[in-house]
Amino acid sequence: MPTQTTYSLPPPAETVAQALRARRDEAPDRPFVRFEERTWSYEQSLREASRFANFFLSVRDEKRPFHVGVLMDNLPEFLFAEFGCALSGGVLVGLNPTRTGEHLGRDIEYSDCQIVLVEERYAPQLAEALRYLAGPAPRVWSVDGESVFPRLDLGSSSDRDPAIRVRPEDLLLVIFTSGTTKNPKGVLNSHRRLVLLGWGAASVMCGFRPEDTVYCAMPLYHSNAQILAVFAALAAGGTIALARRFSKSRFLDDVRRYGATLFNYVGTPLAYILETPERPDDAENPLRLAYGNEAPRQAIAAFERRFGCRVVDGYGSSEVGVGFTRSPDDPPGSLGRAEGVKILDEEGRECPPARFDEQGRLLNPEEAIGEIVNTNGVFLFEGYYKDEASTRERTRGGWYHTGDLGYRDEKGYIYFAGRDVEWLRVGGENFTARPVEEALARHPDVLLASVYGVPDPEAGDQVMAAIQLRDGARFDPRAFAEFVDGPSGLPRRWRPVFVRIVREFPVTHTHKVLKRALQREKFLLDRVRDPVYWRPGGEPAYRPFTEEDLRALRERFERAGHLARLED
């Protein structure tokens, strides 16, 4: 496995513009951005960013917020527009291409975009979204076509640095949260915050060196790519190689093509890469480290073995209100330690330490799991754009409340237990979905498992699991029941009553499973298009869930007076 040599990063700059200029001055010819067959050095990147900066300055309306929306995949134009904002005093808003219609229109209006750059493939989608605006529409240019909007022409735009004075506290990026059930909130990112986060990621998390190249296939409008790829590379004076979109089949070829030594991820990519056919030479690649957050635990060690690199999986959120320190000796699966970070129950009391069995399984989840709270303050969280109420709620009492679940062992190591949707209550017992998912993922035919609560006719929840099988595998209802009852090690109340076989999980553009969407569909056959199996009353095997079963179950809900819980 490749080893990491020590490299001391220069101190962080005060602004992103200063960082870009400093890297250009240090090594003007060193590659900074690579995309397909093209490469831009630091000198060329500063010139290209200057063209965007001067264009923005020439067309902006000084009476409106200087906000530039970008609706595109991972194209170099995204980065040059972003750095153009850094040089000109503008604010870049990364728009999510999976948002459409009134939802995309809402994001544009909420974030006060007066300029929008769009990739041609999303131009019709943008045109439709603009119909929903109540206020003034932004001026729009397409970066690679002209079927709907005029094509961006920077030919007459100067490539000289406009040298606009920008302060460290000035806003540079608005990054939207996931917003899977509510409208997404815009997280504020000043120049100071971004250079500090990039410097921390480069120096602490991944040991980024000038000769390193990070392969970035995560979407640039998300904080994972911005912090762990864009600003980490800038902090180290290294290179970022862009993939237009994540592709499990192109991953290894791209890593070799770009000589990538680093790979940032969020969510499920490691598991999907492992699903590709294994080859004898998989470990013959330059990759030394994959780093990110929320990878399925069973995928981490398997990825390390197959590709001959380390995997560092940590805690991540767009807000960055908590910072963990890590070391190679941390217990497997832990996030590390963080001074002042506590696990609190619903009454604000500190939860007891976690206890584990000889296999490392959590023995006391009901009392040990609570909310991860930074009682030392809010770390680098700067608030939400135009949403003081949500900012106050997140920072109430002067603490940063993550809204995420975790537990702490006796030595003070923190472990992630999931989001707030992860809680289930079955037969009066509270537990989280994550250990159930990890148990089900040990089945040899299961690629990924997502577990969530669905209503019980009388009270509380029933356990439902959505599973994606490995290529070529078929679901065996009896064998799966035998696994659940035996090798999985699951307590009786944790065992799934319903099993949904998905071809592919619904995911966000950042590859996180849309568990709330699954939970809303429940086992209702008019909503679920996948095969659903169930195991009522402890039957020896799962069997197909039918319309007749649903009618009988609906009658039980109605008799209990809980029909609304089923049909909401």
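Two strands are taken to pair if DSSP finds at least two bridges between them, and helices (H or I, at least four residues) and strands (E, at least two) are DSSP runs numbered from the N terminus. The structure is a predicted model, in which local features need pLDDT of at least 70 and side-chain atom pairs count only at pLDDT 80 or more, while totals for chains, interfaces and linings use all residues. Residues are numbered from 1 along each chain as its sequence is written, and side-chain values use heavy atoms, with hydrogens and water left out.

Strand β7 (residues 171–176) runs antiparallel to β8 and is joined to β8 by five bridges. Leu173 has Asn189 of β8 as its bridge partner. Strand β8 (residues 186–190) is mostly covered, with five of its five residues buried; buried denotes under 20% relative accessible area, exposed over 50% and partly exposed the range in between (1.4 Å probe, protein chains only). In a regular strand the side chains alternate between the two faces of the sheet. In β8, Gly186, Leu188 and Ser190 point one way, whereas Val187 and Asn189 point the other way.

A pair of aromatic rings is described by the distance of the centres and the angle of the planes. Rings of Phe, Tyr and Trp (its six-membered ring) pair if their centres lie within 6.5 Å; planes under 30 degrees apart count as stacked, over 60 as edge-to-face and the rest as tilted. The whole structure contains 33 aromatic pairs. The ring centres of Phe32 and Tyr42 are 4.3 Å apart and the planes lie at 20°, so this pair is stacked. Phe32 belongs to strand β1 (residues 31–35) and Tyr42 to helix α2 (residues 42–59), 10 residues apart. Both Phe32 and Tyr42 are buried.

Phe498 and Phe523 also form a stacked pair, with 4.3 Å centre to centre and 10° between the planes. Because Phe498 lies in strand β22 (residues 498–501) and Phe523 in the loop between α15 (515–521) and β23 (532–534), the pair ties together parts 25 residues apart in sequence. Phe498 is buried, at a relative accessible area of 0%, and Phe523 is buried at 0% relative accessibility. Elsewhere, ring pairs link Tyr215, Phe251, Tyr258, Phe263, Tyr265, Phe303 and Phe307 into a cluster.

With a disulfide defined as a pair of cysteine sulfur atoms within 2.5 Å, the count is zero. Cys216 is in no disulfide, and the nearest cysteine sulfur, that of Cys206, is 12 Å away. Cys216 is buried at 0% relative accessibility, and Cys351 is buried with a relative accessible area of 6%.
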